[in-house]
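User: I have a structure open and I'd like to go through it with someone. Can we take it bit by bit?

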Protein chains: 4
Amino acid sequence: MKYILLIDSKDEKGLIYKISKTLFENNINITNEQEFVDNENNKFFYRSEISGELDIKDLKNKLQNTLPLANIKITQKRTKDVIILATKEAHALGDILIKQYSSDFDINIQCVIANRNNLQDLVEKFNIPFYYINADDMDRVTHENKMIEIISKYNPDLIILAKFMRILTPNFVEKYPNKIINIHHSFLPAFIGANPYKQAYKRGVKIIGATAHFVNNDLDDGPIIEQDITRVNHEMNWEEMRNKGRDVEKNVLSRAIKLAIEDRIFVYDNKTIIL
Amino acid sequence: MKYILLIDSKDEKGLIYKISKTLFENNINITNEQEFVDNENNKFFYRSEISGELDIKDLKNKLQNTLPLANIKITQKRTKDVIILATKEAHALGDILIKQYSSDFDINIQCVIANRNNLQDLVEKFNIPFYYINADDMDRVTHENKMIEIISKYNPDLIILAKFMRILTPNFVEKYPNKIINIHHSFLPAFIGANPYKQAYKRGVKIIGATAHFVNNDLDDGPIIEQDITRVNHEMNWEEMRNKGRDVEKNVLSRAIKLAIEDRIFVYDNKTIIL
Amino acid sequence: MKYILLIDSKDEKGLIYKISKTLFENNINITNEQEFVDNENNKFFYRSEISGELDIKDLKNKLQNTLPLANIKITQKRTKDVIILATKEAHALGDILIKQYSSDFDINIQCVIANRNNLQDLVEKFNIPFYYINADDMDRVTHENKMIEIISKYNPDLIILAKFMRILTPNFVEKYPNKIINIHHSFLPAFIGANPYKQAYKRGVKIIGATAHFVNNDLDDGPIIEQDITRVNHEMNWEEMRNKGRDVEKNVLSRAIKLAIEDRIFVYDNKTIIL
Amino acid sequence: MKYILLIDSKDEKGLIYKISKTLFENNINITNEQEFVDNENNKFFYRSEISGELDIKDLKNKLQNTLPLANIKITQKRTKDVIILATKEAHALGDILIKQYSSDFDINIQCVIANRNNLQDLVEKFNIPFYYINADDMDRVTHENKMIEIISKYNPDLIILAKFMRILTPNFVEKYPNKIINIHHSFLPAFIGANPYKQAYKRGVKIIGATAHFVNNDLDDGPIIEQDITRVNHEMNWEEMRNKGRDVEKNVLSRAIKLAIEDRIFVYDNKTIIL
């Protein structure tokens, strides 16, 4: 059995000594271990993969006694449950479907919820429940509450916005802190908001990009998990930029999902620490 | 109606003048136009997208009269028919399936032929014929002839090897000159042959890559269409390199397919000129 | 003798025909030729390298008669004169000095003007005049006028801001339209203004970049010539980002300079078309 | 005072515990710490930056008592002495000169040794001794011995081959194990040996690259430290590839030098582990 141990804490001398002592004395194997000290903010972050005969609650108590002020989380390695929110574009959703299908991702897609119905056929090919909630004549909160109702039946580890083209309100966001990953189709903080490819075309940039981030209450301002770019030039209009950008979007989202399901992301000060 | 005009020729003074004169006098619109002169080899390559009331045969005759020694090809812009050969990995095939499904590619996948049967379920989700030809107890030519028999029923514009893990003999290759695109999982010419990720891991490289190329009679030595790379490090074993490489493979293959179906690739001297 | 022919015009049918006819009838060789039609704005851009026995004025007249509304420019290929403005960082300036020294750039650095004096020693090693104009107790226009006075003695083809950390006013900028290239240390339009590395650090981005652009009256909003990026992570503070970014800055600036001295850049609608 | 602690060892349970215990009990601060376990080869690698009132010899003894089989190295952080070997190209050498000049590198270039004399003027601008040893009429070992004689006067931490276009024999290489860094102008293992840009041009690749590696007895087969690439296309002849490649070469070499002078590189099994 394999477990993930995550610790974050105010930094102080001897943290690694105390953690490794506890693990050593309890006969725990460490397969790999990463740590990071944010010297500027005096913060300590730690992740290890551990194995051995261990009782999660007992080990957590022992570690907490040694590190009384730290946040400590021990979880068994397992397939993560995810829910995908989408609108009408198939590329990001399709990539995740194929990656689950081929076991490139260790995830279980519990359902897909969309505010358009054109992706229903694709999702159902993979025998995944599809919920179509037309948002056109609804206010935001009513629409969100319908989604929340569905999500609450599943209790996912992660909610993935795979080109979900709706702004979420605090009503929704605050229910799932650091559990919602969005892909924004620009290298943030450039081109916040609507139509970033049109903005990029108009500005005449030579690179476009995509940003995967956790969603918080400020539009496109959540902690960035991963970014990447691709080159464009004067020959491309905004539709061609969008088409070229799609591969970047899905790749970036996919890398962020992988980091999340492997429990590698800490969030601090609106940034991510990735171990 | 839109058409693609492709010309290659020995270079000589006035080629563009002669081409543009013929087009102008026949009232043809040029939407965009690219040319390349290989000064070292004294070769001229030309591609344009043209429109207007035109008779392909008649225009071709007029151009040929002006440029008696050139190769001239005029085709109507249309959806391209493709056949995919695969083995057992889903990522490259899946990406093409999704891109056809979402109209990101203007292709019609006529069928998929594989020497394993585990992808059958995926392909048939998309209502595409799947032919399973187990090659285990067959010599190469017998196996290839069974594939050729199927292919001959469809007459595709392009044959895509989407991680088809069999070496093709001249018996097959010579039937489809510059029509077979392969994705090789290394930045050629590094790591030719079997298990490039294992080779890359053993060599300790810091970047891995993928190469899309036309298939000719020499293993992994055909004209390169597109390449890309991703960074790796000492923490990754060869399976992790392979997993990270898969996104590069499918992206590179996908870009090469796009160039091919848009008739942008000339082959000369075992290289590609991309206009 | 080699010449560069640059044409931009309202697009209309037969432009290439008319240009190539004139060149053909005047026995001009075309070594290479690029064109671009901006269909959205109905604009035509053309660049070719030509040779033969030609009289610039005569050829220009003939072309202008055929294309009465076009902007036509014919120049002999030659070493370009440049002036560099700097402040205190050596990396971008040093790269240009080495590239001139080793003939990687076909430029003649006429002088360097700086508002700090710490680069004087470096510049003078290369026997290039260095002008130190302390701007501390001067208003912007007075400072600019002192620079303009120096520049007017040299009449450069290009003014390069190699990390010149002063904002230029219209008083200066409007004297040298599309002749001033700046390197901004972010992938614009992200992180406009002061301290982009600190802004990038604070925002927690995973990529930083640099942008070379022509300078116009709006801060960091001129036509973008070239951009590139490099990856950063949570381990880097802003000084480490700045240090890593320096190589990107100098590479991007260097590529933009190369495009400019080869007369490859058209500016239209606050964008660059690069042929 | 800051120190670097480097440990490599056969992996066993409790290594981190033992190390951190020793450091904790001796009141040593750890500023940052990285480790890597090569599970396949059962090897452990560790690097930390430490500070405090410490006696190197005493601390090393204590650690060695706890980890009897480990290789342990403690060094004070300090400016590194380097010698550069060059031939005739200025770009890689020039970049290092500028980086020393501007304190972007914490190095002291003790001297430059070259088998051509055209770089003498450049090197002496920076008041660095330049040794010209014409190798034309010498056998390899005689030439190398003349270089060894000079090097032995300086005792550098690192020898940098900044486009030194001579093959070194074991006579030279074995004197400086894991101390010689070379920049090879291809993404190894592609294009080993002479004229990689010509090879790349002939093969028609779409990316070219550069590789920084430690030099061992097998040509271009030493442990790779860093690699990067840049895109090329059919329009470029081999000289243009070489010119574009130069920026990649110098960037890659520069990043490798930075890793080396910061004592971040372990060599094991002909690979590098970079902490």
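Predicted model: local features only at pLDDT ≥ 70, side-chain atom pairs only at ≥ 80, totals over all residues.

User: What do the side chains of E89(C) and K163(C) do?

Analyst: They meet in a salt bridge, with 3.0 Å from N to O. This pair links distant parts of the chain, since the two residues are 74 residues apart. E89(C) is in the loop between β5 (80-86) and α3 (91-101) of chain C, while K163(C) is in the loop between β8 (158-161) and α6 (170-173).

User: Why would those two pair up at all?

Analyst: Side chains of opposite charge can pair when their charged atoms come close.

User: OK. And in chain D, which residue forms a salt bridge with K163(D)?

Analyst: E249(D) does, and the closest N and O atoms are 2.9 Å apart. That pair also links distant parts of its chain, at 86 residues apart. E249(D) sits in helix α8 (residues 238-261) of chain D, and K163(D) in the loop between β8 (158-161) and α6 (170-173).

User: Are E249(D) and K163(D) buried or exposed?

Analyst: Both are buried.

User: How many salt bridges does the structure hold over all chains?

Analyst: There are 100. One of them joins K21(B) to E25(B), with the closest N and O atoms 3.0 Å apart.

User: How far apart along the helix are K21(B) and E25(B)?

Analyst: They are four residues apart in helix α1 (residues 15-25) of chain B, so about one helical turn separates them. K21(B) has a relative accessible area of 27%, so it counts as partly exposed.

User: Which residues in chain A are linked in a network of salt bridges?

Analyst: The network is made up of R47(A), E49(A), K77(A), K258(A), E262(A) and R264(A).

User: Now the surface. Which residues form the negative patch?

Analyst: E40(A), D269(A), E235(C), E239(C) and E240(C) form it. Of these, E240(C) belongs to helix α8 (residues 238-261) of chain C. E240(C) is partly exposed, at a relative accessible area of 38%.

User: And which residues make the nonpolar patch?

Analyst: I167(A), I192(A) and L219(A), and together they have about 260 Å² of accessible area. I167(A) is in the loop between β8 (158-161) and α6 (170-173) of chain A. Its relative accessibility is 45%, so I167(A) counts as partly exposed.

User: Switching topic. How does chain A relate to chain C?

Analyst: A rotation of 180 degrees superposes chain A on chain C, with 0.0 Å of shift along the axis and an RMSD of 0.0 Å. That is the relation of a two-fold axis.

User: Which residue of chain A comes closest to the rotation axis?

Analyst: A190(A), whose C-alpha is 2.2 Å from the axis.

User: What about the peptide bond from L188(D) to P189(D)?

Analyst: That bond is cis, with omega near 10 degrees. P189(D) lies in the loop between β9 (180-184) and α7 (196-203) of chain D.

User: And the phi angles?

Analyst: N195(D) is not a glycine, yet its phi is positive, near 55 degrees. It lies in the loop between β9 and α7 of chain D, and at 43% relative accessible area N195(D) is partly exposed. D263(A), also not a glycine, has a positive phi of about 55 degrees. D263(A) is in the loop between α8 (238-261) and β12 (265-268) of chain A.

User: Why does D263(A) count as buried?

Analyst: Because its relative accessible area is 17%, and buried means under 20%.

User: Last one. Where does A210(B) lie?

Analyst: In strand β10 (residues 207-214) of chain B. A210(B) is at 0% relative accessibility, so it counts as buried. A210(B) and N251(B) are 41 residues apart in sequence, with 9.0 Å between their C-alpha atoms.

Technical notes
Residues numbered from 1 in each chain as written. Chains lettered and ligands numbered in written order. Heavy atoms only, no water. Patch = residues over 30% accessible without salt bridge, like charges linked within 9 Å, V, L, I, M, F, W, Y side chains within 5 Å. Areas by Shrake-Rupley, 256 points an atom, 1.4 Å probe, with all protein chains shown as cover. Salt bridge = Lys/Arg side-chain N within 4 Å of Asp/Glu carboxyl O. Lys, Arg positive; Asp, Glu negative; His and termini not counted. Charge placed at Lys NZ, Arg CZ, Asp CG, Glu CD. Buried < 20%, exposed > 50% of the residue type's maximum accessible area, 1.4 Å probe, protein only. Least-squares fit on C-alpha atoms with pLDDT ≥ 70 in both.
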